[in-house]
Amino acid sequence: MLSASKIIDALKDQGVTHVVGLADNLCRVLFLELQEEASMEVVHVSREGEAYAIASGLYLGGKKPVVLIQNTGLLESGDAYRGTSWRMEIPQVMLIAYRGFNSLDPEVDRKDSVAEFTEPTLKAWNIPYKVMLGDDDIPMIERAFKIAENTSKPAAVLIAETTS
Amino acid sequence: MLNKYTCLEKLAALRKEEVVVTCMGSAKPWEKLSDTALDFASVDSAMGHAADFALGLAIAKPDRRIITINGDGSMLMCLGTFVTLAQRPCENYTMIIIENGTYEVTGNQKLPGVGKMDFEAIARGSGIENVVTVETEEEFEEHLPWVFTETGPAVFIWKVEPGDEGVPSFEMSIADRAARLKKALAK
């Protein structure tokens, strides 16, 4: 389990103003708690590719957004990511719910194919990333911001456990 | 049917401090009319997402009008944007859809749904109330000032003749255009 409130605290520490994304199972509680968080606005998108473009506009307008989507949406939104956050050199931190992570265990026969595609895709797209498995890993969010700001490129943190 | 180039000239003549986001078939014609830090060509970017990008600007800068000049092919690639715009309404957001029924910059190939699809109906059905389809010179003259004043999200659909723009390219990279816009908006 990952604490939604501790993730939100980490985002607040970074001065995040907007969370742009689309809800999923792993981040259900995180989205619910974000709706109650006065210091950030949640912008809901209809399809994940919109999130990168909206976040890019927010950043150029002086705000500090994060993108919060599921790994299925990551795969869908490749060109939007490439053409906005990456091409515009936006230090965009993205939080990606890692559906199917547990199915990658060698002991599990039935793999979730989106999990099999996730990390190879991030590597192919040159997106630095870390996988959060528990609350002790939440400082990975701060590190992602540092990487993104130092490189003027996106960086990702994968949410591999259900938020609660 | 309207002429795209004439419409853009008339829009540029009235434009003051608004941000104008262009893409595809409007990018190069607009560059000839205006190339300030508040003009952003969403070129060498991601087709279909100029309107989303403009929404981000509009949320960040509620006191400044953001105008996006979208193509019909680009709009068709991301129809969900209408719903996103309706659920996060920005009074300062104006979208113009230049509807010529073709993918102009790749050789005017016909768009899917031409003659059947109705952007105004889709926008209204998505929850956007201020939507106008403009087909004649008289309608254009009447509605042009509204582009700058209508409560957003406002959508203006300009029915134009197909043009002959090629694939747009810009000397300044999109990263540099983005940095220029960010600096201008910070003032």
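Q: Which exposed residues does the face of α1(A) turned away from its buried side carry?
A: That face of α1(A) carries Lys12(A) and Asp13(A), both exposed. Keep in mind throughout that this is a predicted model.

Q: What makes one side of α1(A) a buried face?
A: Helix α1 of chain A spans residues 4-13, and its buried residues are Ala4(A), Ile7(A), Ile8(A) and Leu11(A). Looking down the axis of α1(A), you find these buried residues within an arc of 100°, so they line one face of the helix. As for partners, the buried residues of α1(A) pack against α2 (28-35), β3 (65-70) and α7 (139-151) of chain A.

Q: Why is chain A called as compact as a globular protein of its length?
A: Chain A comes to seven helices and six strands, and from the N terminus on its elements run α-β-α-β-α-β-α-α-β-α-β-α-β. For 164 residues the globule rule gives 15 Å; the radius of gyration of chain A is 14 Å, close to that value, so chain A is as compact as a globular protein of that length. Its C-alpha atoms fill a box of roughly 45 × 30 × 30 Å along the principal axes, and buried residues make up 47% of the chain. Of the contacts in chain A with a separation of 6 or more, 74% are between residues 24 or more positions apart.

Q: How do you know that chain B agrees with a compact globule?
A: Again, set the value against the rule. A compact globule of 187 residues would have a radius of gyration near 16 Å, and chain B has 15 Å, which agrees. The C-alpha atoms of chain B fill a box of roughly 45 × 35 × 30 Å. In chain B, 47% of the 187 residues count as buried, and the secondary structure comes to nine helices and eight strands. Among its contacts between residues at least 6 apart in sequence, 77% join residues at least 24 apart.

Q: Which way do the residues of strand β1 of chain B point, and are they buried or exposed?
A: Val19(B) and Val21(B) point one way from β1(B) (residues 19-22), while Val20(B) and Thr22(B) point the other way. Side chains in a regular strand alternate between the two faces of the sheet. Here all four named residues are buried.

Q: What makes β1(B) and β3(B) a pair of strands?
A: Two bridges are enough for strands to count as paired. β1(B) and β3(B) (residues 66-71) have four, in the parallel sense, and Val19(B) has Ile66(B) as its bridge partner in β3(B). On the β2(B) side, β1(B) pairs over three bridges, also in the parallel sense, with Phe40(B) in β2(B) as the bridge partner of Val21(B).

Q: What unit do β1(B), helix α2 of chain B and β2(B) make?
A: Together β1(B), α2(B) (residues 24-33) and β2(B) make a right-handed β-α-β unit. The word right-handed is used because, with the strands pointing away from the viewer, the path from the first strand over the helix to the second runs clockwise.

Q: Why does Glu89(A) count as partly exposed?
A: A buried residue needs 20 or more other C-beta atoms within 10 Å, and an exposed one has 12 or fewer. Glu89(A) has 18, so it counts as partly exposed. Glu89(A) lies in the loop between α5 (78-86) and β4 (93-97) of chain A, with a positive phi of about 60° although it is not a glycine.

Q: What makes Asp44(B) partly exposed?
A: Asp44(B) has 17 other C-beta atoms within 10 Å, so it is partly exposed. Asp44(B) sits in the loop between β2 (39-41) and α3 of chain B, and its phi, near 60°, is a positive value in a residue other than glycine.

Q: Which residues does the cis peptide bond in chain B join?
A: The cis bond joins Gly152(B) and Pro153(B), with omega about 0°. Pro153(B) is in the loop between α8 (146-149) and β8 (154-159) of chain B.

Q: How many residues of chain B are in contact with chain A?
A: On chain B 27 residues are in contact with 25 residues of chain A. The elements of chain B that give two or more residues to this side are α3 (50-60), α5 (80-87) and α9 (174-186). α3(B) gives the most, with eight residues. By kind, the residues of this side divide into 15 nonpolar, seven polar and five charged.

Technical notes:
Residues are numbered from 1 along each chain as its sequence is written. Chains are lettered from A and ligands numbered from 1 in the order in which they are written. This is a predicted model: local features need pLDDT of at least 70, side-chain atom pairs count only at pLDDT 80 or more; totals for chains, interfaces and linings use all residues. Two residues are in contact if their C-beta atoms, placed from the backbone, lie within 7 Å. Ala, Val, Leu, Ile, Met, Phe, Trp, Tyr, Cys and Pro count as nonpolar, Asp, Glu, Lys and Arg as charged, and the others, Gly among them, as polar. The radius of gyration is taken over C-alpha atoms; the globule rule is 2.2 Å times the number of residues to the power 0.38. The arc is that of the directions from the helix axis to the C-beta atoms.
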